[in-house]
Amino acid sequence: MVKLFKSLICTLAILSSVHCRIDQEELFRLHEQLVSINSVTGNEAQVTDFLSEYLEDLGWSIETQTVSEGVNGKPRENIFAHLGNSNPAIVVSSHVDTVPPFLPYRVEGDKIFGRGACDAKSSVAAQIVAVEQLLLENPDLDIREVDISKLELAPSALIIGEPTENKLVLGHKGIMSFSIESQGIAAHSGYPELGRSAISQLLSAIISLNTIVFPAVDPILGADTINIGLVNGVATNTTFVWDTITKTIGSPQGIKLTLHNKYEPVKLSSIEGFDTSVAKFNTDFSRWKGPGKNYLLGPGTIQVAHKPEEYITKSELIDSVELYKKLIQKIHQELGTGSKPNFRSKIVEQL
């Protein structure tokens, strides 16, 4: 698994003259530019180049950090846009990589279609616009950027943008990926009794998986769920889930179970004034070990993410800007006037 962090860290005091009003029209333009760029995981070079230039034009200083080699030998890079402080109190994060295949940008009525239109370039665009508007509305604010994964930062609050229908998520499940390998014995199809069907063995194992009913033991996250596609699962307790799976399938001849990775579930922070929900998908909060409060919020619904008709509505995109601004301001108020507010937008990518 490869993680790629593309960061935008913001702190509060910047010369307001450097920043211009980013209005609704510019929000849609930025979103269109992001979605129109093919940034399937491993092929993010063009979108990072675009973001670097875009942010430079807004007055940010840009630094890049190569993480690994991507498609056609082009680097996969972190973006650092900064104007000062490298120890932000509030970090805002999302990701610009997408699942394949690339789907072009198009608009039909209130809906904007395209790969990443929802997951999660809508969050990226909304976060940038929200921070820029906050800077203009608060001329004493200072903004900075760094990579939270490399600089051992401990922000008081981390906000990650994912498709949550503009609801503040109270928690999300962990995730566990495993494979079932079936090894058969070859034989002529006319004499199946002389061999052992790998497919039949695998079907038996999958049928056994489908008999598992996990109890709804967690009052917030509910019951564990299993998705048999690539044979992976979403869990509230990964150790319990793995033990249940191995006991259910057992050790039949020719079947091998392999656990690839697992991330525990996460309980997230709440704040008054927002609609709330619980997410059944996993986010980078499973990998984040910071001591501060954690918030998950973003436009769009996960129900259309990764699908051929992925879309975001214009109204959701507009609303998310105000919600990000509201959340940042409320967090700042909770931190108290004695602590200087810092803002950051971080773009995270992962395989």
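D49 lies in helix α2, which covers residues 45–57; helices are DSSP runs (H or I) of at least four residues and strands (E) of at least two, numbered from the N terminus. The model is predicted, so local features need pLDDT of at least 70 and side-chain atom pairs pLDDT 80 or more, whereas totals for chains, interfaces and linings use all residues. Residues are numbered from 1 along each chain, and side-chain values use heavy atoms, without hydrogens and water.

**Exercise 1.** Classify D49 as buried, partly exposed or exposed.

*Solution.* Buried means under 20% relative accessible area, exposed over 50%, and partly exposed in between (1.4 Å probe, protein chains only). D49 has 48% relative accessibility and therefore counts as partly exposed.

**Exercise 2.** Describe the geometry and setting of the aromatic pair formed by F50 and Y54.

*Solution.* The structure holds 2 aromatic pairs. In one of them, F50 and Y54 lie 5.8 Å apart, centre to centre, with 40 degrees between the planes. Rings of Phe, Tyr and Trp (its six-membered ring) pair if their centres lie within 6.5 Å; planes under 30 degrees apart are stacked, over 60 edge-to-face, and the rest tilted. The pair of F50 and Y54 is accordingly tilted. Both residues belong to helix α2, 4 residues apart, about one turn of the helix, and both are buried.

**Exercise 3.** Characterise the pair of F113 and Y311, and locate its members in the chain.

*Solution.* F113 and Y311 form a tilted pair, at 5.6 Å centre to centre and 50 degrees between the planes. This pair links distant parts of the chain: F113 is in strand β6 (residues 111–113) and Y311 in strand β16 (residues 311–313), 198 residues apart. F113 counts as buried because its relative accessible area is 6%.
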